[in-house]
Amino acid sequence: MPLENSNKSRRLMHTRSIECEGFLRDDGLWEVEAWLRDTKPFTQRADRFRGELKPGDPVHDIGLRLAIDDSMTIREAEAKMRATPYPTCVEVEPILTRLIGERVGPGWRETVRRKIGRLETCTHLMELLGPAVTTLYQTMSYGKKPQGRDTLDNQQNSGERPFFIGGCHSWRTDGPIVATMFPQFATKPVAKD
């Protein structure tokens with residue numbers, strides 16, 4: 001689906017797909033599995049490491065799994081490199097275990113940077129952490145008994161400031177959504193000149 005102003009003739013050269021699924025496990029942990037796949041719609045010539053790739057063969061096929069408890073603390077973490085351009089890429093599979101015991105929340109990105117050095121990991125694996133963590137938040141948003149509930153029921157009844165307040169335009173503290181749904185956390189709009 002092209003965006004409105006993309007009416008020029010064009011040729012597909014690359015597709016990146018990111019798929020994330022969130023689960024509630026029988027042991028009470030929340031889990032996300034995320035995959036990043038890069039493909040080309042044309043044959044790529046043989047290289048010294050993988051040989052020829054046919055259209056649709058993955059250039060990258062990289063996955064991760066995180067399991068967290070209700071306090072957002074990581075209890076399990078793993079990565080899987082099913083397709084990579086270089087044989088050394090798979091060496092980073094154990095790197096996510098460094099995040100076990102860390103809490104997802106404010107300062108998360110800095111925690112990841114502190115625990116995992118840029119040259120110790122795969123750029124694409126680190127990029128995948130963003131949508132994976134967002135998926136965890138969405139997975140947990142209805143609570144453990146979601147049937148027939150509104151996503152905000154848990155948040156409104158907890159008495160605590162929800163994590164998403166102050167996180168985007170609609171959830172800014174001086175906006176109408178926070179004022180209506182969480183007035184106890186609302187602030188007055190800043191006067192504009």
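I started with Glu127, which comes out partly exposed at 38% relative accessibility. This is a predicted model, so I'm reading computed values throughout.

Its partner next. The side chain of Glu127 meets that of Arg16 in a salt bridge, 3.0 Å from N to O. I noted where the two sit: Glu127 is in helix H2 and Arg16 in strand S1 (residues 15-24), so this pair links distant parts of the chain, 111 residues apart. Arg16 is partly exposed too, with a relative accessible area of 36%. Buried would need under 20% and exposed over 50%, so the 36% of Arg16 falls in between.

**Other salt bridges**

How many salt bridges does the count come to? I get 17. I looked up two further pairs.

Asp70 and Lys144 meet through their side chains at 3.1 Å, N to O. Again distant parts of the chain are linked: Asp70 belongs to the loop between S3 and S4, Lys144 to the loop between H2 and helix H3 (153-158), and 74 residues separate them. Exposed or partly exposed? Asp70 counts as exposed at 52%, whereas Lys144 is partly exposed at 36%.

Glu120 and Arg98 form a salt bridge at 2.9 Å, N to O. Glu120 is in the loop between H1 and H2 and Arg98 in the loop between S4 and H1, so the pair ties together parts 22 residues apart in sequence. I have Glu120 as partly exposed at 36% and Arg98 as partly exposed at 34%. I also found a network: Arg25, Asp27, Glu31, Arg65, Glu76 and Glu78 are joined by salt bridges that share partners.

**The sheet**

Then I traced the strands. Four of them make an open sheet in the order S1-S2-S3-S4, with antiparallel pairing. Which strands stand at the edges? S1 and S4 do; each has a single partner strand, so one side of each lacks a neighbour in the sheet. On average, neighbouring strands are turned by 10° against each other, direction ignored.

I checked one pairing in detail. S3 and S4 are joined in the antiparallel sense over eight bridges. Ala67 stands opposite Glu76 in S4, and Glu76 is one of the residues in the salt-bridge network.

What lies across the strands? H2 does: I see this helix over S1, S2, S3 and S4, running at about 45° to S3.

**The cores**

Last, the nonpolar packing. The largest nonpolar core has 31 residues, and those with the most contacts inside it are Leu64, Leu66, Leu96, Leu99, Trp108, Leu125 and Leu129. I went through the elements that each supply at least two residues: strands S2 (30-39), S3 (58-68) and S4 (74-83), plus helices H1 (108-115) and H2 (123-140). Which element gives the largest share? H2, with eight residues.

Leaving aside neighbours within four places in sequence, Leu125 is in contact with Ile62, Gly63, Leu64, Ala79, Val92, Ile95 and Leu96. Leu64 and Leu96 are also listed among the residues with the most contacts inside the core.

Apart from this core I found another, of seven residues, among them Leu152, Val178, Phe182 and Phe185.

Note on methods: Residues are numbered from 1 along each chain as its sequence is written. This is a predicted model: local features need pLDDT of at least 70, side-chain atom pairs count only at pLDDT 80 or more; totals for chains, interfaces and linings use all residues. Side-chain values use heavy atoms; hydrogens and water are left out. A nonpolar core is a set of buried Ala, Val, Leu, Ile, Met, Phe, Trp, Tyr and Cys residues joined through side-chain atoms within 4.5 Å. Buried means under 20% relative accessible area, exposed over 50%, partly exposed in between (1.4 Å probe, protein chains only). Helices (H or I, at least four residues) and strands (E, at least two) are DSSP runs, numbered from the N terminus. Contact means heavy atoms within 4.5 Å. A salt bridge is a side-chain nitrogen of Lys or Arg within 4 Å of a carboxyl oxygen of Asp or Glu. Two strands pair if DSSP finds at least two bridges between them. Axes are lines fitted to C-alpha atoms, for helices over the stretch in contact, and angles run from 0 to 180 degrees between N-to-C directions.
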